[in-house]
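Please keep the sequence and the structure in view while reading.

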Amino acid sequence: MMKNTMALLLILTALLGCAGMGAQMERFRARNRIRLQSLKVGMSQDSALAAMGSEVVEISNKWEVGPLNPRRQTQVLSNPYKTEIYAGARDTLDVFYYYAELKRQDGAISDDELVPLVFKEGRLLGWGHSFLQESITRYEIRFR
């Protein structure tokens with residue numbers, strides 16, 4: 001009976017550990033989705049970036065490591081998650097990516113889980129993947 005109880009506790013601890021790290025990541029994504037709602041096309045880059053925040057969060061399962069969850073995992077999330085500069089013949093776009101979506105629960109953060117904010121000359125043009133693709137076409141950005 002004691003062995004069964006211990007085994008059950010170990011299983012629950014492992015399951016809660018995975019949920020704990022996943023729950024922390026979901027809170028981070030949810031905060032970014034809420035912040036996206038405060039953005040307005042045309043606002044200054046400084047105002048938009050301030051609205052999105054600039055925190056760095058280390059999410060870890062360090063408290064959930066045990067026999068059924070033997071490896072410590074750590075994920076560092078930051079706002080913005082990454083940045084890129086797209087230079088065209090005449091125009092330059094600054095793109096800031098924010099982690100706001102979950103497509104696959106694979107432990108990796110892929111580009112389709114990031115929401116791009118597109119700026120030109122210090123002003124927010126818009127956001128989202130389709131908007132970024134339209135902007136690349138409109139401003140004749142070429143990749144080599």
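## A buried isoleucine

Ile 136 counts as buried because its relative accessibility is 9%; buried means under 20% relative accessible area, exposed over 50% and partly exposed in between, with a 1.4 Å probe and protein chains only. Ile 136 belongs to helix H3, which spans residues 129-138. Helices (H or I, at least four residues) and strands (E, at least two) are DSSP runs, numbered from the N terminus.

Setting aside neighbours within four places in sequence, Ile 136 touches Ile 141 and Phe 143, where contact means heavy atoms within 4.5 Å. The C-alpha atom of Ile 136 lies 8.5 Å from that of Leu 93, and the two residues are 43 apart along the chain.

## Basis of the model

The model is predicted: local features need pLDDT of at least 70 and side-chain atom pairs count only at pLDDT 80 or more, while totals for chains, interfaces and linings use all residues. Residues are numbered from 1 along each chain as its sequence is written, and side-chain values use heavy atoms, with hydrogens and water left out.

How many residues of strand E5 (residues 114-120) are buried? Seven of the seven are, so E5 is largely enclosed by the rest of the structure. Leu 114, Pro 116, Val 118 and Lys 120 point one way from the strand, while Val 115, Leu 117 and Phe 119 point the other way.

E5 runs antiparallel to strand E4 (residues 92-99), and seven bridges join them; two strands pair if DSSP finds at least two bridges between them. Across this pairing, Tyr 98 is opposite Val 115 of E5. E5 also pairs with strand E6 (residues 123-127), again in the antiparallel sense, over four bridges. Here Phe 119 has Leu 124 in E6 as its bridge partner. The hairpin of E5 and E6 has two residues between the strands, and Glu 121 takes a positive phi near 50° in it.

## The whole chain

The protein has three helices and six strands. Read from the N terminus, the order of elements is α-α-β-β-β-β-β-β-α.

Of its 144 residues, 35% count as buried. Among contacts with a separation of 6 or more, 48% are between residues 24 or more positions apart. The accessible surface is about 9,100 Å², and carbon and sulfur atoms contribute 56% of it. Accessible areas come from the Shrake-Rupley method with a 1.4 Å probe; for residues, only the protein chains shown count as cover.
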